[in-house]
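Hello,

The structure we talked about is below. My notes on what turned up in it follow.

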Amino acid sequence: MSEPVSALRGRATSGSVQVSDMGLQGMISLRCDLSFGKLKALSKDLVGAPVPALREAQVRNDRAALWMSPDELLFLMPHTEVDDALSRIAKAMKDQHHLALDVSDARALLRVEGPFAREVIAKLAPVDLHPDVFGPGQVLRTRLGQIAAAFWMTDAQTFQVICFRSVAHYAFDLLEASAKAGPVGHFPRGT
Amino acid sequence: MLILHCPHCDRMVDETDLHPGGEAHLKRHGPEADAEAFENYLFMRENPKGVHFERWRHVYGCGKWFLAARNTATLEVYGTYPAQTHQPPQTIRDTITERQPGWAWGDFR
């Protein structure tokens, strides 16, 4: 058997804002009608959280349910649980038109953590990241430099970022450079 | 730089997060159509200086299409609406009429 490895093999930087590879992460992309009744129980079962509403991130420790688009959710869970989760999804959704796909190994998950983490991301993405507008509990899909990425906050100083595996090194280098360049002082520190 | 409201994500989105999709409200004429209708469908575009209706795709975000009513000369945006709409909503037409009395675009006015 081949042994699964993350694209960045545990790469990490030091500094006041640290960028690090979060290693293997189970991810399941589910496309379906999000108003489907049984989805509530399914989301509870998979990640222990309700179905995320518009632009919402429901994070529970190492699990999460993220709103990706009006007909798409992303479930995060430990890498070893994906197969089991897929069969539970197939069971719960068997009468409903849907697509559930294991995308764990197609993506990379990074963490950006530190007092000005918000500015590290804000420098790279064309979105309003003011603390009044974006905070824990929300998710944004946008652009980081030249690549597509999605990110959410787990607390006031921590971002988690997902991107395609093939561009994981670019994402890491970009975040590292942005962190190294230091704070801009645009947002209040530690928010 | 344009900043448009994505009706699917309900947030303002930067132009660099979007992919342009050309003119909106095209009526498709397939291979069975007569040559002139097919040519019109395939090649003829409004290209106005002023009020215009366009398709945009929120490519770095939700991936969904939406339509935008805007002014190519002033860059004013009158509004955006989902792509599953056969003609501009009345509220957007009213906004345009208020800003550009007597406007016309294709069959819309």
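Predicted model: local features only at pLDDT ≥ 70, side-chain atom pairs only at ≥ 80, totals over all residues.

Lys64(B) and Asp71(A) form a salt bridge through their side chains, 2.9 Å from N to O; a salt bridge here is a side-chain nitrogen of Lys or Arg within 4 Å of a carboxyl oxygen of Asp or Glu. The count between chain B and chain A is 1 salt bridge.

Residues are numbered from 1 along each chain as its sequence is written, chains are lettered from A and ligands numbered from 1 in the order in which they are written, and side-chain values use heavy atoms, leaving out hydrogens and water.

In the contact (heavy atoms within 4.5 Å), chain A takes part with 17 residues and chain B with 11. The two chains bury about 1100 Å² between them, 51% of it from carbon and sulfur atoms; this is the accessible area (1.4 Å probe) that two parts lose on being put together, summed over both. Of the area that chain B buries against chain A, 45% comes from Arg11(B), Tyr60(B) and Lys64(B), more than from any other three residues.

Within chain A, Arg107(A) touches Met27(A), Leu74(A), Ile162(A), Cys163(A), Phe164(A) and Arg165(A), not counting residues up to four places away in sequence.

Regards
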